[in-house]
Amino acid sequence: MRLPLPVLLALLSGLSFSNGAATVKAMDASPLKIWDTAPDTWAATDALGRSLPSHGEAGPPRRKKFVGIFYFLWLGEHGTDGPYDVSKILAKDPKAITDPNHPLWGPMHAFHHWGEPLFGYYLSDDEWVIRKHAQMLSDAGVDTLIFDVTNGSTYPEMYRTLCRVFT
């Protein structure tokens with residue numbers, strides 16, 4: 001059985017609790033704090049002033065409730081031109097919104113981003129990005145991924161890479 005690093009550290013070096021955080025002594029005897037990073041402890045406000053609901057508004061985590069999220073595997077599977085980023089195109093030339101033939105849009109049928117992803121523009125087989133997604137989805141309490149294969153492509157190389165990295 002593999003133990004998570006914080007549990008292993010606690011078992012090996014002694015554990016004490018204070019202010020909701022576990023404190024362990026590092027090899028050099030300096031204290032390290034281990035924080036509860038479960039999503040029910042998160043607070044956030046976006047650039048538009050919208051805030052996540054608090055515990056008082058949302059209540060405690062509910063049993064027998066599951067969270068799924070659509071996960072797209074197609075990045076790089078239908079060409080790697082670009083990237084074509086709608087936000088950057090419109091910032092460069094706002095009039096492009098009325099001209100489907102504007103050269104900033106790139107070739108017809110090219111895929112576009114709505115903004116630059118957190119980890120930069122990437123392809124769906126980028127193992128570093130997949131690993132970060134796994135960490136973030138797990139931290140957020142996501143239970144399952146739903147692959148979008150509505151266009152008839154199933155992207156087996158991509159989902160095999162994702163499954164290998166998630167494992």
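A: One term to start: buried means under 20% relative accessible area, exposed means over 50%, and partly exposed is in between. Also, this is a predicted model.

Q: Okay. Is lysine 88 buried, exposed or partly exposed?
A: Lysine 88 has 44% relative accessibility, so it counts as partly exposed.

Q: Which side chain does lysine 88 meet in a salt bridge?
A: The side chain of glutamate 116, at 2.8 Å from N to O. The pair links distant parts of the chain. Lysine 88 is in helix H3, and glutamate 116 is in the loop between S6 and H4. They sit 28 residues apart.

Q: How many salt bridges does the structure hold?
A: The structure holds 3. One of them joins glutamate 127 and arginine 164, with the closest N and O atoms 2.2 Å apart. That pair also links distant parts of the chain: glutamate 127 in helix H4, arginine 164 in helix H5, 37 residues apart. Glutamate 127 is partly exposed at 32%, and arginine 164 is partly exposed at 49%.

Q: Which residue does aspartate 46 pair with?
A: Arginine 50. The closest N and O atoms of that salt bridge are 2.6 Å apart. Aspartate 46 is partly exposed at 32%. Arginine 50 has 54% relative accessibility, so it counts as exposed.

Q: Why can such side chains pair?
A: Side chains of opposite charge can pair when their charged atoms come close.

Q: New topic. What's in the largest nonpolar core?
A: It has 8 residues: Tyr71, Leu73, Ile130, Leu137, Tyr155, Met158, Leu162 and Val165. Helices H4 and H5 each give two or more residues to this core. H5 gives the most, with 3.

Q: What does valine 165 touch?
A: Glu127, Ile130 and Arg131, leaving out residues up to four places away in sequence.

Q: Last one. Where is serine 124?
A: In the loop between strand S6 and H4.

Q: Buried or exposed?
A: Serine 124 is buried, because its relative accessible area is 7%.

Q: What is serine 124 in contact with?
A: Beyond its neighbours within four places in sequence, serine 124 contacts Phe72, Leu73, Trp74, Leu75, Ile130 and Met158. A polar atom of the serine 124 side chain lies 3.1 Å from the backbone oxygen of leucine 73.

Conventions: Residues are numbered from 1 along each chain as its sequence is written. This is a predicted model: local features need pLDDT of at least 70, side-chain atom pairs count only at pLDDT 80 or more; totals for chains, interfaces and linings use all residues. Side-chain values use heavy atoms; hydrogens and water are left out. A nonpolar core is a set of buried Ala, Val, Leu, Ile, Met, Phe, Trp, Tyr and Cys residues joined through side-chain atoms within 4.5 Å. Buried means under 20% relative accessible area, exposed over 50%, partly exposed in between (1.4 Å probe, protein chains only). Helices (H or I, at least four residues) and strands (E, at least two) are DSSP runs, numbered from the N terminus. Contact means heavy atoms within 4.5 Å. A polar contact is a pair of N or O atoms within 3.5 Å; within protein, one must be able to donate a hydrogen and the other to accept it, and residues adjacent in sequence count only if both atoms are side-chain atoms. A salt bridge is a side-chain nitrogen of Lys or Arg within 4 Å of a carboxyl oxygen of Asp or Glu.
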